[in-house]
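Here is a short report to read alongside the structure. Keep both views open as you go.

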Amino acid sequence: MTDPTHQLRRALARASAGKALTVDEAEALLGARGDALDQLLSVAARLRDLGHGTTVTYSRKVFIPLTMLCRDHCHYCTFAKPPAKLDRPYLTPDEVVAIARAGRAAGCKEALFTLGDKPEERYPVAREWLASYGYASTLDYVRAVSIRVIEDTGLLPHLNPGVMSWEDMARLKHVSASMGIMLETSSSRLSDRGGPHFGSPDKVPAVRLRTIEDAGRLSIPFTTGILVGIGETLRERAASLFAIRDLARTYHHVQEVIVQNFKAKQGTAMHRAPEPSTEEFLAAIAVTRVLMGPQAHVQAPPNLSDPDYPRLLDAGIDDWGGVSPVTIDHVNPEAPWPKLRDLAARCAERGFTLRERLTIYPRFALKPDPWIAGKMQEPVRRLAGPDGLAIEGRRPEPTPWQDPEVRWKPRQISLAFAKHASAGLRPDADDVYGDFDRISVTDAWAKRPRRAPERIDADVRGALTRAEAGHGAALTDREALALFEADGDALEALSRVADDLRQREVGDEVTYVVNRNNTLTNVCYTGSRFGAFVQREVNAES
């Protein structure tokens, strides 16, 4: 058996040297205490400084608890409530906008939507409320109120609606700057009977990992993280971090990794469960930094470690997450946010500068494609500075999101596509295109040597025999040319063979698609010799 002390020393040495760690070594580092923990914190802080210097960020936000109904039953959560404990199943659109407007007045730039997973699948009252407002699902409602927030306040929505499908996120990407879901743990053991996630179908790790991966496939700036101290072993904690890192390296979409400490709450099944010690939590943060690397953004919420939250800086974090001057933390209502001026002062005491960011990090704001949907790029652009962080003191402004209603106007000019020779052509057109009156391929076809009809028919028969046998791809150039020249009975035979092949391969069903041809422009520099669509900038129809 490997000596744990030796394994810890070896893991520290490898981490200090910047070498890749195994799950065994990460597990050993998670157990570091005393002097070993101090060494680990030093490594993590050095990596953070290498990637981010002395800048620590936060997002000024409002917390919008769209619904506290949830189909899951997590044994440590006080956010989710049954219908009997709520005045109404959902916040109304006007209530949502009122919260966002209060945030805008206070200089907030992020609207954090947090809600329970798919409550309509558990509670009839949720289904009835949604139907009365004209929505088929909670996620449909999330999309609608996100648009209201953008258009009425200009705040950037960050969506935390729980587990989502690829299709769900594809729709919601157009109404949000970023999204997120906490992995919490990759251990399915915690979903067994007696575990904290028993009875919570949306907490199955494979389901949550699929949501995170689908977000990557959709190029969505995404937030995730782990929850420390809910009954996972150190090895399971390490495996969770590796799972997040694998997805981050594959899709490059994980914008921050949150390390959150479990807090026991009255009224929950885990109200007597032990909370992680300060050393255990610091080790978890430091290992996250070591595994994720210097460029990653590692976040820990300050309100869950108050008043000793500056100590978290020693473990390598570079972000405090969302902090609201307007709303409480509805997930942890017993833990108030620190005042922003106090947060800045505490950072300064340790040599750090506190900077406001947007709900997305600078690398996404500065290079919006493919990360930010077209409809969201203007709201982001208005709030982002040249370094990608938030413009200090800039207040969001309402931003149109809906497309304006189409206003058709009558055509003022006739459809005339005739162009005189060389109209709008580049000066070197003859060199590039050749003489318009003498196109080489057309001229060559007209002057090709004519073959006797009987010879053509023989070549056609040979080519059709090969085609009927399923060897059409093997036709020679001579045989293909003979088919192009087929006429009369030879053309009829070619048509019959083609029709038989179609019937054999796809049957007798003929399909079509109804489409709309959206013409962005018909001006083309290179031009076309046969198409009436292409116009020059000097043409009346351009």
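The buried residues of helix 11 pack against strand 1 (55–67), strand 8 (319–323) and strand 9 (353–357). Helices (H or I, at least four residues) and strands (E, at least two) are DSSP runs, numbered from the N terminus. Contact means heavy atoms within 4.5 Å.

This is a predicted model, in which local features need pLDDT of at least 70, side-chain atom pairs count only at pLDDT 80 or more, and totals for chains, interfaces and linings use all residues. Residues are numbered from 1 along each chain as its sequence is written, and side-chain values use heavy atoms, with hydrogens and water left out.

**Helix 11**

Which residues of helix 11 are buried? They are Leu340, Leu343 and Cys347, in a helix that runs over residues 340–349. Buried means under 20% relative accessible area, exposed means over 50%, and partly exposed lies in between (1.4 Å probe, protein chains only). After the helix comes Gly351, with a positive phi near 85°.

**Helix 9**

Helix 9 has 18 residues, 234–251. At 1.5 Å a residue it should span 26 Å, and its end C-alpha atoms are 26 Å apart, which agrees. The expected span is 1.5 Å times one less than the number of residues. Buried residues in helix 9 include Glu236, Arg237, Leu241, Phe242, Ile244 and Leu247. Among the elements that cover the buried residues are helix 2 (23–30), helix 8 (205–217) and helix 10 (278–292). Strand 5 (222–228) and strand 6 (254–261) are also part of that cover.

Most residues other than glycine have a negative phi, and most peptide bonds are trans.

| Residue | Phi | Relative accessible area |
|---|---|---|
| Ser219 | about 55° | 17% |
| His252 | near 60° | 47% |

Ser219 is in the loop between helix 8 and strand 5. It counts as buried because its relative accessible area is 17%. His252 follows helix 9, in the loop between helix 9 and strand 6. At 47%, His252 is partly exposed.

Where are the cis peptide bonds described here? One runs from Asp306 to Pro307, with omega near 10°. Pro307 is in the loop between strand 7 (298–299) and strand 8. Another joins Asp369 and Pro370, with omega about 5°. Pro370 is in the loop between helix 12 (362–366) and helix 13.

**Two buried loop residues**

Is Ala390 buried or exposed? It counts as buried because its relative accessibility is 4%. Ala390 is in the loop between helix 13 (374–383) and helix 14 (429–433). Its contacts include Lys109, Arg355, Glu356, Arg357 and Leu358, leaving aside neighbours within four places in sequence. Ala390 and Ser59 are 331 residues apart in sequence, and their C-alpha atoms are 8.6 Å apart in space.

Ser191 is in the loop between strand 4 (178–180) and helix 8. With a relative accessible area of 18%, Ser191 is buried. It touches His197, Phe198, Lys203, Val204 and Pro205, not counting residues up to four places away in sequence.

**A cavity**

How many cavities of 30 Å³ or more are there? The count comes to 1. A cavity is a set of points, on a 1 Å grid over the protein atoms alone, where a 1.4 Å probe fits but cannot get out. The largest cavity has a volume of about 30 Å³. Volume here is the space filled by probe spheres set on the points, and grid points are joined across faces, edges and corners. Lining residues have an atom within 4 Å of a point. Among them are Lys173, Ser176, Ile220, Pro221 and Trp371. By class, the lining has 6 nonpolar, 2 polar and 1 charged residues. Ala, Val, Leu, Ile, Met, Phe, Trp, Tyr, Cys and Pro count as nonpolar, Asp, Glu, Lys and Arg as charged, and the others, Gly among them, as polar.

**The whole chain**

The chain has 18 helices and 9 strands. Buried residues make up 48% of its 542 residues. Of the contacts with a separation of 6 or more, 72% are between residues 24 or more positions apart.

Conventions: On a 1 Å grid over the protein atoms alone, a cavity is a set of points where a 1.4 Å probe fits but cannot get out, and a pocket is an open set with protein on both sides within 12 Å along at least five of seven lines; lining residues have an atom within 4 Å of a point.
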